[in-house]
Amino acid sequence: MDLQDAHGWLADVLNEVSVQFQRVPGSAIFLRYVKSSYRNDPIRSAVELFLFLFAVRYLLAPRSTSKKSYVKLSDEEIDELVDEWVPEPLVAPQTAFEEATNEKRPVIVGPTGPKSKLLSGRTVTNVASYNFYNLVGHETLKEKAIQTLRTYGVGPCGPPGFYGTQDVHMKTEADVAAHLGTAACIVYAQAFSTISSVIPAFAKRGDIIVADKAVNFAIRKGMQISRSSIRWFEHNDMDDLQNVLASVVKEQAKKPLTRRFIITEGLFENIGDMVDLVKVTELKQRYKFRLILDETWSFGVLGRTGAGVTEHQGVNVREVDMLVGSLAGPICAGGGFCAGSDEIVEHQRLSASAYTFSAALPAMLATTASEVLAMLESNGEMVTQVRENIKTMWTQLDPRSEWVYCTSAIENPIMILVLKPEVVASRKLGFSDQEQLLQEMVDEALTNGVMMTRLKSMPRAMHVTAKEIGWELQPALKVCITTGLTRKETERTGTVIRHAITKVMKARR
């Protein structure tokens, strides 16, 4: 076949293809589009052709081109591996120290008043309970709770948003908001889950949280659930806080806008000292952060009427975006709350897990909380009396003991007593050594009729280091002051504790 015959054959083939293509419905429209496109923009036609061929290639390509790289096991080998596999325990096994502590833990029979009866039959002075105002045995509160129980029953048996809200809940929310001076308030059924639910209700993945290294376990769980980026600042170090805030603002200057939060406590659960709220609010405004303040241990304790650290330090409560507190500690009721603006509160009614998916607070606990707030507002002597007892206990322990010192604020009814640094250094005491000594002090005090406790926190997760946590809990004694004891009884209790500390430390020389 010469060149002329080949050209004729190709022309016949193209002509036949053209005839067959024109029989396809819509072919004329397609040809007009291609001719017009080629004439006006030939580059566009080339790009479209390339994309068409790429799409065809992609659709016809095999789904997976990687070769199987795993080793095929026989049924016998699989059974053998399954039999050998041992799952990692959910929690670390108890140490010998923990087992011994649990075996001799005292059990209270009856109410946890200032004088508590133990299962062994002994009556001891109780400075291990958060009964600051001796409200556990308050007759008026008991009668009011019994009356509420008979009217409303044991519990609402439903979440607040699903037939669980009762009029007493709405009254308690209004009472807390009025007591604090905020626009609104929302009441949760559990104190612990309040802050751990409030944080993820507002902070999400990609947001930034700047938190004090010594914040409590509930706050840490809330930050973990939120999946936000966490930045730590040294405990109560306002200069370090300012440096961290400035660093975050600089890093985020050219990035998409994110929500940014500062999280701290009013009275720190693990140390007992107080936040410098004036400085924190100043930095919060300067660097445009939102502030979440946990007043679990300061609400009901600080301030003229127990309104918390805002009242105590003269800070406008509206400077705090989310003010979280407990109704189960100093208030001796139950549940927790979050106060703030109307928008902050209403958002939580649908977005806070602990509020949405938990049964509402029992009515008698809501009523008790309202009654105690009314008592704090009308009777300023309650706060004054507990502070007098705090000073009395301080004079017996902190300046007079050569072994321990108190890290708590002078207004805090929870005294955190830690071994002095020179004692730890001179005796080369490790973490477990300190815990052992402190437990011996607790046991010695109980032998002499005073029941106190150690500072305890949730155990560290397996394979997690202190560096990853951000802060290490320091072993300490915890002594809770109560107005249920007279001044002389408080002095005597402090003397017993001091002598127990001295006896244990001298015996371990």
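This is a predicted model: local features need pLDDT of at least 70, side-chain atom pairs count only at pLDDT 80 or more; totals for chains, interfaces and linings use all residues.
1. Now H6 itself. The helix runs over residues 139–152, so numbered by DSSP, and has 14 residues. From first C-alpha to last it reaches 20 Å, close to the 20 Å expected at 1.5 Å a residue.

2. Which residues of H6 are buried? They are Leu141, Ala145 and Thr148. These three cover an arc of only 65° around the axis, which puts them on the same side of H6. Part of what covers them is another helix, H16 (363–378). Turn to the face of H6 that points away from the buried side and you'll find the exposed residues Glu143, Arg150 and Thr151.

3. As background, most residues other than glycine have a negative phi. Asn236 has a phi near 55°, a positive value in a residue other than glycine. You'll find Asn236 in the loop between strand E6 (229–233) and helix H11 (238–251). Buried, exposed or in between? Asn236 is partly exposed, because its relative accessible area is 21% and the buried class stops under 20%.

4. The other one is Lys288, with a positive phi near 60°, again in a residue other than glycine. Lys288 sits in the loop between helix H12 (277–287) and strand E8 (290–295). With a relative accessible area of 67%, Lys288 is exposed, since the cut-off for that class is over 50%.

5. Next, Ile186, which is found in strand E4 (residues 184–188). Ile186 counts as buried because its relative accessibility is 0%. What is Ile186 in contact with, leaving aside its neighbours within four places in sequence? The list is Glu173, Gly336, Phe337, Cys338, Val345, Gln348, Arg349 and Tyr355. To give you a sense of scale, Ile186 and Leu81 are 105 residues apart in sequence and 53 Å apart in space, going C-alpha to C-alpha.

6. Is Ser298 buried or exposed? At 0% relative accessibility, Ser298 counts as buried. Once neighbours within four places in sequence are set aside, Ser298 is in contact with Gly266, Leu267, Gly308 and Val309.

7. On to the aromatics. The count comes to 6 aromatic pairs, taking ring centres within 6.5 Å as the rule. Ring pairs link Tyr130, Phe132 and Trp297 into a cluster. If you want to go through the pairs yourself, a pair of aromatic rings is described by the distance of the centres and the angle of the planes.

8. The largest share, 4 residues, comes from H19.

Methods. Residues are numbered from 1 along each chain as its sequence is written. Side-chain values use heavy atoms; hydrogens and water are left out. Helices (H or I, at least four residues) and strands (E, at least two) are DSSP runs, numbered from the N terminus. The expected span of a helix is 1.5 Å times one less than its number of residues. Buried means under 20% relative accessible area, exposed over 50%, partly exposed in between (1.4 Å probe, protein chains only). The arc is that of the directions from the helix axis to the C-beta atoms. Contact means heavy atoms within 4.5 Å. Rings of Phe, Tyr and Trp (its six-membered ring) pair if their centres lie within 6.5 Å; planes under 30 degrees apart count as stacked, over 60 as edge-to-face and the rest as tilted.
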